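Here are some notes for a colleague who is opening this entry for the first time. Please read them with the model on screen.

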Amino acid sequence: MRKIAFGLLVLFLLFQIACANDIRTKVANSNISGLKTNKIDPDKHVYGIPWDSSEDDFIENWGAPNGYIRFNAQETGMIYGKRHLFLFFNNKLSGLIITDHILDWQVSKKLLPNPIFDTIQWRLINGIEEETNLAKVKKILGDTLIDENYEKYYETGRAKVTLNFSHYTDAGDKDEAYRVYGIMIERK
């Protein structure tokens, strides 16, 4: 009888240890169900995940990140695939960077691809998306587009959205030759 009780106690303790693991270890092998939406609302959400979601909630939805960066005691970033860096301030989703390579292209080769975040065709709720040319961006944003020291951005009620452009030399020098290749959203 003592052996059975001891065995049950050991099983109970092993179960408690397994449950005490950080959520990152629990979701590392989970399946990612897919995006709720490809839209990004700088005031409300990223792909349906609300701003201010915790890191653990984010991981529960999307699985473990490919990489993790600690900028300082309050700011961190989680890398998903080669193109997405989700920014957190005090453990709350506070920003987003999407670009061709979050890290140097040589370092990015070491990252495993992410079937969702490396292929998503993101779209801001105002209609701006990857490959939108500067002429169309100006038409969408009008006077709210700010061009300051080679940085083009606009502000919403709760965020600053920086648009990164690439110049296609074979398309000339007019606004049609400049196309969005990435964004950075910083919450206020």
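Leaving aside its neighbours within four places in sequence, which residues is Thr 76 in contact with?

1. The structure is a predicted model. With neighbours within four places left aside, Thr 76 is in contact with Glu 55, with Tyr 68, Ile 69, Arg 70 and Phe 71, and with Phe 86, Leu 87 and Phe 88.

2. Thr 76 belongs to strand β5, which covers residues 75–80. Its relative accessible area is 3%; the limit for buried is under 20%, so Thr 76 counts as buried.

3. One of the contacts of Thr 76 is with Glu 55. The side chains of these two residues are joined by a polar contact of 2.6 Å.

4. Glu 55 is also one of the buried residues of helix α3 (residues 55–62), together with Phe 58, Ile 59 and Trp 62. Viewed down the axis of α3, the buried residues lie within an arc of 95 degrees, and therefore they line one face of the helix. Just after α3 comes Gly 63, with a positive phi of about 85 degrees.

5. On confidence, the mean pLDDT of the protein chain is 84, and 80% of the residues score at least 70. Strand β8 (residues 123–124) has the highest value, at 98, while helix α2 (residues 23–27) has the lowest, at a mean of 39. The pLDDT is below 50 over residues 5–33. In the model, that stretch has 19 contacts beyond near neighbours in sequence.

Conventions: Residues numbered from 1 in each chain as written. Heavy atoms only, no water. Buried < 20%, exposed > 50% of the residue type's maximum accessible area, 1.4 Å probe, protein only. Helix = DSSP H or I, 4+ residues; strand = E, 2+ residues; numbered from the N terminus. Arc of directions from axis to C-beta. Polar contact = N/O pair within 3.5 Å; in protein donor to acceptor, adjacent residues only side chain to side chain. Contact = heavy atoms within 4.5 Å. pLDDT = per-residue confidence, 0-100.
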